[in-house]
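Subject: A structure for you to look at

Hello,

Here is the structure I promised to pass on. Please open it alongside this note, and then read on for what turned up.

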Amino acid sequence: MMNNAPDIPDARFTAMTRLTTEQELRNLVCDLFNLSHALPSHRESANETTTLAGRITRFINENLHRGLTLKVLANFLGYSEKYCSDLFYRIMGESFSGYMRRHRVERAQSLLTTTAQTLAEVATAVGFSDQYAFSHFFKRATGHSPREIRSRQAHSRHRLTVHAMQKAL
């Protein structure tokens, strides 16, 4: 009599014949193809999600100046762009592009108000190749040009200094 069983190591074939739930099948497929990191289980802990969120945030913070794309993040994580996009939204609570836009604006505002870096240096720090593209992006995102933000901050600091000096007298 001919054996119709596929040529699979006995333990895994036996495991396949005993599968009763979809989760067991997913776990076996992940094990067979070494994909245990790719599909979240129903038991995915908050700690695992937090760890991945931390890895993503750290990677973006450390590489913001490089003009990150979803493709670069997907390569870093070892996922397809589509899966990475869905995973990013699920973990971070917003789209990749929305997160990057917000993060670039926040970092740029911080640099504009706390450092003396030139607009070109700020643009480079948040991933733009030139200050004109950065200025256009920043104004569309905030309604104010980078120069306006910087001069407002300088004016505000000046008023605080004058006020402190008057109070001291």
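Helix α6 covers residues 96-114 (helices are DSSP runs of H or I, at least four residues, numbered from the N terminus). Its 19 residues should span 27 Å at 1.5 Å a residue, and the end C-alpha atoms are 27 Å apart, which agrees; the expected span is 1.5 Å times one less than the number of residues. Among the buried residues of α6 are F96, Y99, R104 and L111 (buried is under 20% relative accessible area, exposed over 50%, partly exposed in between, with a 1.4 Å probe and protein chains only).

A word on the source: this is a predicted model, where local features need pLDDT of at least 70 and side-chain atom pairs pLDDT 80 or more, while totals for chains, interfaces and linings use all residues. Residues are numbered from 1 along each chain as its sequence is written, and side-chain values use heavy atoms, without hydrogens and water.

Now the rings: the structure holds 7 aromatic pairs (Phe, Tyr or Trp rings, the six-membered one for Trp, with centres within 6.5 Å; planes under 30 degrees apart are stacked, over 60 edge-to-face, the rest tilted). F59 and F76 are stacked, because their centres are 4.0 Å apart and their planes at 15°. This pair links helix α3 to helix α4, 17 residues apart in the chain. F59 is buried at 12%, whereas F76 is partly exposed at 35%.

F88 and F96 pair edge-to-face, at 5.4 Å and 80°, and both are buried. F128, F134, F137 and F138 form one aromatic cluster. The charged end of R104 sits over the F128 ring, 5.5 Å from its centre (CZ of Arg or NZ of Lys within 6 Å of the ring centre and within 35 degrees of the ring normal).

Best wishes

Terms used: Helices (H or I, at least four residues) and strands (E, at least two) are DSSP runs, numbered from the N terminus.
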